[in-house]
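Biologist: Thanks for sitting down with me over this one. Could you walk me through the strands and a few of the loop residues?

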Amino acid sequence: MGEKQQFGRGQAFRAAAAAAKRLAERPRRRVAFLLGAGWTEQQVESGVSGAMAGCRGQDLYRAEKNLHPFEEILWDDAYESVLASGQILGESINLTRQLVNEPPSRIYPESFAAEAEKFAEEFGLEIEVWDEQRLEDERCGALLAVARGSMRPPRLVILSHMGGDARDPLLALVGKGVTFDSGGLSIKPTDSMKTMKCDMAGAATVFGAMQAIARLELPINVIGLAGLVENMSGGDAYKLGDVLIARNGKTIEVLNTDAEGRLVLADVLDVAIERRADHIIDLATLTGACMVALGTDVAGLMTNDQPWCDAVRAAADDCGESIWQLPMFADYDEQIQSKVADIKNVGEGRWGGAITAAKFLEQFVGKTPWTHIDIAGPAFLENPKPWLDAGGTGVFVRTLVEVARRWNA
């Protein structure tokens, strides 16, 4: 497990998950963990959540399972309250992973919203679901344009946990929920499309975090918002050269229909602003450029407010979830300027694509402190790790919950 002085919550998660994954290779009703003395409560909580993630795989539809979740986990020398919170985190991570791992024929905008309604009712979250007519009435022109090429109508989901005083500040978590991304008319090649059921991982992460926040009964006010669409190439698909009007009134020239996630987020971020969010975090499998920059194991972090970004990064570092900040220099703004509209949905060529995408999103948050996390790399594993099966990872559920725990502290 490495040097003791370097052993933190991230290492605890991976150590327990690796043990669980190995043990889960055959059915076991009860498994006990004794991983040495001196673990802090935070490390035990992370270890319990890791054990629950490690024993569960992506084999949702295999007759013969590769991994067999345990019926019961015992943990040496731990408080019941810590075990309970670790279980909540583990189940919330696995909710996110299962949503990502489901095929796009099962998880599409309507069914995704229905899943949110189920756990919202179970755990006491308030929920609003905007259907296509409501989205029209709310002038969500950018989100609706992306959805036009699909038979599946779009949805916007708003989950609310008001655990604080009415006068307390409001935290908004925003997720990209493209339940399948063909690229639209800028169609992806086959190999690039194989894993595009995972393009809703940002929304799934927000849903997992909101479930955990509600179950932990955190005394804060937080809303989770997700724009849910399919990006397809049907006869009414939006086209290159189209000019869209976003909810905040900005006009957007479309020069690549595969740069669709930022269009969806544009309208959802504006809803968060209208709900008077004091701080915003958005998560999205937004750009391949972020994976070129940072690899597949590290998320990109971009912001308009450095103290808020530092708080998010500190939470991620403490949880052991890998993240790295990219610059948001004003010079990048020039790359998204359009000759026919206010802005365009891609930058100038390949270079700095993760940053120009974030610069696009920045146009829709005003002065509100906002941090964007590009999770295109770590949200989905094409090959298994020693501690986790391939497929959806549930990454940053723990970080969002940690941010919420520190919120308004």
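Modeller: Happy to, and let me start with one definition: two strands pair if DSSP finds at least two bridges between them. Please keep in mind that this is a predicted model.

Biologist: Let's turn to strand S6. How many of its eleven residues are buried?

Modeller: Buried here means under 20% relative accessible area. One set of S6 side chains, including Ile-223, Leu-225 and Val-229, points one way, another, including Val-222, Ala-226 and Leu-228, points the other way, and all are buried. Strand S6 (residues 221-231) is therefore largely enclosed by the rest of the structure, and its buried count is eleven of the eleven.

Biologist: How many bridges join strand S5 to S6?

Modeller: S6 has a bridge to S4 (residues 155-162) as well, in the antiparallel sense and with eight bridges; there, Val-157 stands opposite Ala-226. S5 (residues 170-181) pairs with S6 in the parallel sense, and Leu-173 has Gly-224 as its bridge partner in S6. The number of bridges between S5 and S6 is eleven.

Biologist: Now strand S1. Which residues make up its covered face?

Modeller: In general, the side chains of a regular strand alternate between the two faces of the sheet. In S1 (residues 30-33), Arg-30 and Ala-32 form the uncovered face. The covered face holds Val-31 and Phe-33.

Biologist: And which residue in S2 stands opposite Arg-30?

Modeller: S1 pairs with strand S2 (residues 72-75) over four bridges, in the parallel sense. The residue of S2 opposite Arg-30 is Glu-72.

Biologist: Is Glu-71 buried or exposed?

Modeller: Glu-71 sits in the loop between helix H2 (41-54) and S2. Exposed means over 50% relative accessible area. Because its relative accessibility is 64%, Glu-71 counts as exposed.

Biologist: Then what about Phe-396, buried or exposed?

Modeller: Phe-396 also has a positive phi, near 75°, in a residue other than glycine. Its place is the loop between strand S15 (391-392) and helix H13 (397-406). At 0% relative accessibility, Phe-396 counts as buried.

Biologist: One last point, on charge. What charge does the surface patch with Asp-131 have?

Modeller: Asp-131 is found in the loop between strand S3 (126-130) and helix H5 (132-137). Asp-131 is partly exposed, with a relative accessible area of 37%. On the surface, Asp-131 gathers with Glu-132, Glu-136 and Asp-137 in a patch whose charge is negative.

Methods: Residues numbered from 1 in each chain as written. Predicted model: local features only at pLDDT ≥ 70, side-chain atom pairs only at ≥ 80, totals over all residues. Heavy atoms only, no water. Patch = residues over 30% accessible without salt bridge, like charges linked within 9 Å, V, L, I, M, F, W, Y side chains within 5 Å. Areas by Shrake-Rupley, 256 points an atom, 1.4 Å probe, with all protein chains shown as cover. Salt bridge = Lys/Arg side-chain N within 4 Å of Asp/Glu carboxyl O. Lys, Arg positive; Asp, Glu negative; His and termini not counted. Charge placed at Lys NZ, Arg CZ, Asp CG, Glu CD. Helix = DSSP H or I, 4+ residues; strand = E, 2+ residues; numbered from the N terminus. Buried < 20%, exposed > 50% of the residue type's maximum accessible area, 1.4 Å probe, protein only.
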